[in-house]
Amino acid sequence: AFGIAPAVAAGRHDLVSGLKGASAAVAPRTSTLRSALVVTQIAVSLVAVVVAALFVRTLQNLRTVNPGYDVQEIFYVQMKLRPAGYSEIRGAQFYNEIVQRIRAVPGVRAATLANSMPPGWMWGLDFELQSRPLRSGERPLQAGKNTVGPGYFETLGARFVAGRGFNAGDTEKSPRVAVINETMARQFWPGESALGKRFRRVAPFGPHPWIEVVGIARDGKYEYLGEPARAHILVPFTQNYEPNMKIVVRATNIPLVMPAVSREILAFDPNLPAPQLKTAVEHLSESLANERVNASAISLSGLLTLLLTAVGLFGVVSFTVAQRTREIGIRVALGARPADVVRPMMSEGVRLIAAGLAAGVLMALGAVRLLASSLYGLGAVDAVSFGGGAALLAGVTLLACWLPARRALRVDPIEALRCE
């Protein structure tokens, strides 16, 4: 489609003037359309480059986020007992005994259980407060939930604000307990201590027992690293059995300890599937997989757009130089300096670049608003992304103008004016 327009325009040239060697004048409308297309291309290229920079900086910011625990010297083993035919009683015994065995492995400093390793997929919990029961038709309160074993906070190095964690005294026969995070304490018990407060799960299958808050932990990242602060509940495995748990281990020499832990599990029950082991560092890296794909794909798109823009501008300036060959020959013959010859060639390209950058900045500001939910740790206008993107685009496009404009210096006046 874009090839048809110049082909049609070529068919309208004056054949007599062409045979005489005269250059056909370019219609103002054609020149204006060409300039508008180049400006649009520069503007779109700036948007692509700025958005790519924003996603790269978002990925860099997410890599520095503290997930709420010390990731060094941590790895976990994913266990799935339901496919192996474990009942609830037998499964609880398995987890209790295997954690004790793993704690005795040389190099292991601590071990515990967790249904989900943050950041990752989390269960949700619908609940009501004892102090504010739900009225008929009222929607229940909501928070994220994770089931963990005794020693969870000590193993992960998570910090407490107040209260305690879980211990061997929190059994199926003892009162139900939970640890909540700071955000939940502030959200549901503002201006007062949440310790000792009670809530219970809301479900269609009858009333559930009240759960007492025995501890308040520091906020962390639960589902993804870029999430805002959100309410979160941790309940003890000893009171809330789950067949599929992760055995979380802190060790001094992970490469040596991981095989030993795997052997310990298979020695305990050879019929279990091969244990799936992963370090916390690997887990955090995998949690950023989508962000890495976004940054890579958009950066590639931005570079490709930048290349196409440079090629387009190169072609426009080259066309201008070719059109003005005779004019350049005359000026050189009359003693024009190199700067006087190149300046008119560059001025048109510079005007197009300036107009494209101005339009591109406005378009990029609109794009940032649309992508705000996908960005992290960046302001409404990120000076590094906008300034760096504009500087990169200006440098590449100026080079694309300079290269064909420089050819004007090599025009031979005799050859340019031979037809005269």
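Author: Welcome! Two aromatic rings, from Phe, Tyr or Trp, count as a pair if their centres lie within 6.5 Å. Please keep in mind that this is a predicted model.

Reader: Thanks! How many aromatic pairs does the structure hold?

Author: There are 12 aromatic pairs here. One of them joins F94 and Y95, with 5.5 Å from centre to centre and 70° between the planes, an edge-to-face arrangement. Another edge-to-face pair is made by Y152 and F153, whose centres are 5.3 Å apart and whose planes stand at 85°.

Reader: What describes a pair of aromatic rings?

Author: The general idea is to give the distance of the centres and the angle of the planes. In this structure, the 70° of F94 and Y95 and the 85° of Y152 and F153 are read as edge-to-face because planes over 60 degrees apart are put in that class.

Reader: Are F94 and Y95 buried or exposed? And what about Y152 and F153, buried or exposed?

Author: F94 and Y95 are both buried. Y152 and F153 are buried too.

Reader: Which residues form one aromatic cluster?

Author: The cluster is made of Y86, F94, Y95, F237, Y241 and F268.

Reader: Let's turn to helix 9. How many residues does helix 9 have?

Author: Helix 9 has 35 residues and covers residues 289–323. From first C-alpha to last, helix 9 reaches 51 Å, close to the 51 Å expected at 1.5 Å a residue.

Reader: Which residues in helix 9 are buried?

Author: Buried residues of helix 9 include A295, G302, T305, L306, T309, A310 and L313. Further along, V316, V317, S318, T320 and V321 are buried as well.

Reader: Which residues make a nonpolar surface patch?

Author: L304, L307, L308 and V311 make a patch of about 380 Å². L308 belongs to helix 9. With a relative accessible area of 47%, L308 is partly exposed, so L308 passes the cut-off of over 30% for patch residues.

Reader: Now the backbone. Which peptide bond is cis?

Author: Look at the bond from P118 to P119, which is cis with omega near -5°. P119 lies in the loop between strand 2 (108–114) and strand 3 (123–129).

Reader: And E73, what is its phi?

Author: Phi of E73 is near 65°, a positive value in a residue other than glycine. You will find E73 in the loop between helix 3 (28–63) and strand 1 (74–78). E73 counts as partly exposed, at 28% relative accessibility.

Methods. Residues are numbered from 1 along each chain as its sequence is written. This is a predicted model: local features need pLDDT of at least 70, side-chain atom pairs count only at pLDDT 80 or more; totals for chains, interfaces and linings use all residues. Side-chain values use heavy atoms; hydrogens and water are left out. Patches are made of residues with over 30% relative accessible area and no salt bridge: like charges are joined within 9 Å, nonpolar side chains (Val, Leu, Ile, Met, Phe, Trp, Tyr) within 5 Å. Accessible areas come from the Shrake-Rupley method with a 1.4 Å probe; for residues, only the protein chains shown count as cover. A salt bridge is a side-chain nitrogen of Lys or Arg within 4 Å of a carboxyl oxygen of Asp or Glu. Helices (H or I, at least four residues) and strands (E, at least two) are DSSP runs, numbered from the N terminus. Buried means under 20% relative accessible area, exposed over 50%, partly exposed in between (1.4 Å probe, protein chains only). Rings of Phe, Tyr and Trp (its six-membered ring) pair if their centres lie within 6.5 Å; planes under 30 degrees apart count as stacked, over 60 as edge-to-face and the rest as tilted. The expected span of a helix is 1.5 Å times one less than its number of residues.
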